[in-house]
Each structure stands twice: as C-alpha cells, then as structure tokens.
Amino acid sequence: MSKKEILNKTKAYIRKKMEGEGTGHDWWHIYRVWQTAKKIGREERANMFVVELSALLHDIADHKFHGGDDTAGPKVARGWMEKIEVDPKSVDHVCDIIANMSFNKTFDKHQIFSSAELRVVQDADRLDAIGAIGIARAFAYGGHKQRKLYDPAEKPMKYKSGEEYRKNNVGHTVNHFYEKLLLIKDRMNTKTGKRLARARHKFMERYLSKFFEEWKGER
Ligand code: ADP
Ligand code: NI
C-alpha cells in the first residue's frame, strides 16, 4: 500500500471508530489535530507520514477510558498499523509518540522519548485545547462530568506532578483554565506552535475577563 493509501485507510478507520464520542475526543478533534499537525509539520520540516499517522491515531484509546492504562493507545495503534502493513520503523515511532503525547507527561521533566514529529503532534493536540475551540471543549467536558461552570469559593490548584493532576482534576470548569489551559502557551515545543498558541491564549484571557464581568453583573 502507498503512504497515501495507508493514511486514507487510517482516516476512514478512525473516523468510524470515534464518531459520536462525547468527551471532546471525537472524530472532529482528531480532524483538527491532523490539520494543525500538517501545518506545523510542514513549517518544521518533519517526517509528514509519521506526523499524519500519529495525529490520526493519537487518541485511539485514551488512558482515562481504559482504567488509567497508559499502554492501551500504543497497543491498539500497533495492531492497526501492523494489519495494514506500515513499515516497522514508522510503527515503532508512531507508538512512541502516542505513549508520550499526553499533557500530564509535561509535568515529568525527564520525558523518556522525544522527536521532531512528537513535538509537532503534541503541539497540534495542545492547540486544540486552547482558544475558541478549547473553550468550547472545556465546557463540553465539564457538562459531560456534570460540573459547575464556575464557583468563586473554589480556587484553582497548583499541581506538581502528572499523577497529582490526574487525581485532583475535578473542580469547576473555570479552574481548568488556570490549572491547564493558560499554562499551555509556555509548554509549546515548536516555533510555529508557539506563535499559534500566543494568539489563542490572548483570546482566552479576553474571554475570561468578560466572563467575570458578566458573572458580577458589571456589563
Ligand atoms: P490530554 O489527553 O492531553 O491529557 P485531556 O484528555 O485531559 O488531554 O483533555 C481533553 C479535553 O478535555 C481538553 O480540551 C481538555 O481541556 C478537556 N478537559 C480535561 N479535563 C478537563 C476539566 N477538568 N474541565 C474541563 N475540561 C477538561
Ligand atoms: Ni487529542
């Protein structure tokens, strides 16, 4: 199979698998990460086959929905790639990327694996958590978990590790902005990713200041 056919097949497979997922990890999240990864990957001169495959497969089995199992994603992705006969070197690379993508990995200073392609796809995934789309996803996720939009009595937490973040990430949705979304711009990897993140970050700051004005009935 040509690389183009592999990507087309993978796209169709993921689209079918993730359609109707209600927690912000649906097909359209994958689609956006894929588009953004292509844009960043081209500017950063990455291996585009690995970038595109990783973007398409990165949320194939999220740890949150597999009892905290971090290895589920790479396993399922490997099964698929072997089935359609992706070359072994790319399979290994894509699996390393998927295993090391998640936000909570950024707390742990000595990330075990890194590559230009990981940096690209990780940036694309993070960009989808901020800006206009990020705001929509955060409130959609909060609704899914039946959380409050906001509660002035509950202040945001400062997490020191990925473990701590995972366990305590339960508050109202506005806290999520302070605990994660507003930290993302300083954790971007690539030049292109940083540029895109700055604009999306500014938009979230404007959004939050309006939110608090309206909360107090000031405007
Ligand atoms: P990652 O896989 O990078 O760790 P998540 O799966 O935690 O990211 O997040 C997926 C989406 O759900 C993101 O848009 C994120 O902002 C949102 N999300 C995660 N936790 C919360 C939360 N506590 N409140 C609101 N949105 C959340
Ligand atoms: Ni994702």
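**Reading a nickel site and a buried aspartate**

Guide: In this predicted model, the residues that donate to the nickel ion (ligand 2) follow the sequence spacing H-x28-H-D-x65-D.

Visitor: Which residues and atoms are the protein donors of the nickel ion (ligand 2)?

Guide: They are His 29 through NE2, His 58 through NE2, and Asp 59 and Asp 125 each through OD, at 2.1 to 2.2 Å from the ion. His 29 belongs to helix H2 (residues 27-43), while His 58 lies in the loop between helix H3 (48-57) and helix H4 (72-83); the pair, 29 residues apart, links distant parts of the chain.

Visitor: Are His 29 and His 58 buried or exposed?

Guide: A residue counts as buried when its relative accessible area is under 20%. His 29 has 0% and is therefore buried; His 58, with 7%, is buried as well.

Visitor: Where is Asp 128 found, and with which side chain does its own side chain make a polar contact?

Guide: Asp 128 sits in the loop between helix H6 (116-127) and helix H7 (131-144). Its side chain makes a polar contact with the side chain of Arg 32, at 2.7 Å.

Visitor: Is Asp 128 buried or exposed, and which residues is it in contact with beyond its sequence neighbours?

Guide: Asp 128 is buried, because its relative accessible area is 4%. Leaving aside neighbours within four places in sequence, its contacts include the nickel donor His 29, together with Arg 32, Val 33, Ile 133, Gly 134, Arg 137 and Arg 200.

Note on methods
Residues numbered from 1 in each chain as written. Chains lettered and ligands numbered in written order. Predicted model: local features only at pLDDT ≥ 70, side-chain atom pairs only at ≥ 80, totals over all residues. Heavy atoms only, no water. Helix = DSSP H or I, 4+ residues; strand = E, 2+ residues; numbered from the N terminus. Buried < 20%, exposed > 50% of the residue type's maximum accessible area, 1.4 Å probe, protein only. Polar contact = N/O pair within 3.5 Å; in protein donor to acceptor, adjacent residues only side chain to side chain. Contact = heavy atoms within 4.5 Å. Donors = N, O, S within 2.8 Å, 3.2 Å for Na, K, Ca; no water.
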